[in-house]
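Q: Please take me through this model, one feature at a time, giving the general idea before the particular case.

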Amino acid sequence: MRQLKIGIVCYPTFGGSGVVATELGKALAEKGHEIHFITYSQPVRLGSLRKNVRYHEVNVSDYPLFLYPPYELVLASKMVDVALHEKLDLLHVHYAIPHASAAYMAKQILKANGHHLPFITTLHGTDITLLGRDASFEPVISFAINESDAVTAVSQSLKTDTYKLFGINKEIQVVPNFIEPQRISNEIKQALREEYVSEGNPMLIHISNFRPVKRVMDVMQVFAKVREQRNATLVLIGDGPERSKAEQYAREHQLQNVVFVGNVKNPMELLTAADVMLLPSESESFGLAALEAMACGVPVISSNAGGLPELNRHGVSGLMSDVGDVNEMAKQVLYLIESPDRLNKFKQQAKEQSESFNLQAVLPQYEAIYEHVLSHE
Ligand code: GMT
């Protein structure tokens, strides 16, 4: 395919949508496309400067009249500026709010000046399942999705939810999230593991933004039940609103071996040291953290919410149960860790299952969408 100039707009934070957008941009740049990230700070997974990648910062000035800084307008202006001066072929925006509506505005401004800039919107989950269903966002989201030149969702479940919750007349293509196997080290970080867990004992791991939707308190309750029978360790990666409640729970229940490490740029290192991942989310459009765990050979004990059943194969890459069923989840953890042979089998199977989400299969799907959009100008 021809080399394109692509503007990528995303949240540059630790959240899944930003991670997916950044890894996609890096992979496209490696294939020779020119990638322009347009974000309010440098995406955390971008790392050091690399070939074919540029970064354009969106700065909203502080003006006393602005109770709410008009980020969306500044973003749209930046999109116009980058599109004109870098001669972008298209924009790919990740997360509907406010990126899709800002892209629509940028497209209209450019059109008035005789330029055509198509935009692709990728829906990630909370933009639809939490924020989007809020009446204060709904009309804008529906409009921006319908006006996108192409729309993708990261799972079939998210596609179904989007049609259910919005008045969408646009085709939504499912393009799942992905993993790049070369990025995953098979080598267990023994020194890291020894820092957290003593010889022969299991290490459980949880990664999230600690928002209520992640049900971190379920993680704590599952771990408390597991601790009644096994000298396990729980490592929690990430930060967010429910962290102090979880820390409080650990103190009140005198739970030993719980480590809150906070946000880390490369969770893979700790993942390779872990035995079982816990992801009891209330809703999860895909579950990128679970895929990253599986790729590191860590089976996943998860809820069966949203797109998780499309990723975590029950009895193969891990086990699933209903949201909130902490007794069942604790039983499932114990079932995996009680037999080293069984645990090793699940570890192997988790890794194999992650291979169905190889970047090499997903990248051409996005490229085909770009080509399709450009050929219908
Ligand atoms: O809440 C999060 O997990 C962050 C959020 C985001 O937008 O950054 O994640 C959503 O997008 C990820 C990448 O596509 C998905 O893997 C997550 O499942 C999804 N989160 C939810 O649906 C809760």
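**Reading burial, space and ring pairs**

Q: Is Asn201 buried or exposed?

A: Burial is read from relative accessible area, where buried means under 20%, exposed over 50% and partly exposed in between, with a 1.4 Å probe and protein chains only. Asn201, with a relative accessible area of 15%, is therefore buried. Please bear in mind that this is a predicted model, in which local features need pLDDT of at least 70 and side-chain atom pairs count only at pLDDT 80 or more, while totals for chains, interfaces and linings use all residues. Residues are numbered from 1 along each chain as its sequence is written, and side-chain values use heavy atoms, with hydrogens and water left out.

Q: Where is Asn201 found, and with which residues is Asn201 in contact, leaving aside its neighbours within four places in sequence?

A: Elements are DSSP runs numbered from the N terminus, helices being H or I of at least four residues and strands E of at least two. On that scheme Asn201 is found in the loop between α7 (190-196) and β8 (203-207). With contact taken as heavy atoms within 4.5 Å, and with neighbours within four places in sequence set aside, Asn201 touches Arg193, Asn231 and Asp275.

Q: How should I read the largest pocket, and which residues lie nearest its centre?

A: Rolling a probe the size of a water molecule over the atoms shows where empty space is left. On a 1 Å grid over the protein atoms alone, a cavity is a set of points where a 1.4 Å probe fits but cannot get out, a pocket is an open set with protein on both sides within 12 Å along at least five of seven lines, and lining residues have an atom within 4 Å of a point. Grid points are joined across faces, edges and corners, and a volume is the space filled by probe spheres set on the points. Here the largest pocket holds about 930 Å³ of space, and its lining comprises 41 residues, with Phe14, Gly15, Gly16, Ser17 and Asn209 nearest the centre. Two or more lining residues come from each of α1 (16-30), α4 (126-129) and α11 (288-295), and α1 gives the most, with 5 residues.

Q: How many residues line the second largest pocket?

A: The second largest pocket, with about 250 Å³ of space, is lined by 16 residues, and those nearest its centre are Arg183, Lys265, Asn266, Met268 and Glu269. At least two lining residues come from each of α1 and α10 (267-272), with α10 giving the most, 3 residues. The lining of the second largest pocket divides into 3 nonpolar, 4 polar and 9 charged residues, and again each of domain 1 and domain 2 supplies at least three.

Q: Which residues line the largest cavity?

A: A search of the whole structure finds 1 cavity of 30 Å³ or more, and the volume of the largest cavity is about 30 Å³. Val19, Val20, Glu23, Phe178, Arg183, Leu288 and Glu292 line the largest cavity, a set with 4 nonpolar, no polar and 3 charged residues. Helix α1 gives the most to this lining, with 3 residues.

Q: How many aromatic pairs does the structure hold?

A: A pair of aromatic rings is described by the distance of the centres and the angle of the planes. Rings of Phe, Tyr and Trp (its six-membered ring) pair if their centres lie within 6.5 Å, and planes under 30 degrees apart count as stacked, over 60 as edge-to-face and the rest as tilted. The structure holds 7 aromatic pairs, including the edge-to-face pair of Tyr40 and Tyr71, at 5.9 Å centre to centre and 75 degrees between the planes. Because Tyr40 lies in the loop between β2 (34-39) and β3 (53-57) and Tyr71 in helix α2 (residues 71-86), the pair ties together parts that are 31 residues apart in sequence. Tyr40 counts as partly exposed at 33% relative accessibility, whereas Tyr71, at 17%, counts as buried. The tilted pair of Phe210 and Phe260 has ring centres 6.5 Å apart and planes at 50 degrees. Ring pairs also link Tyr11, Tyr40, Tyr71 and Tyr95 into a cluster.

Technical notes. Ala, Val, Leu, Ile, Met, Phe, Trp, Tyr, Cys and Pro count as nonpolar, Asp, Glu, Lys and Arg as charged, and the others, Gly among them, as polar. Domain bounds come from an automatic or database domain assignment.
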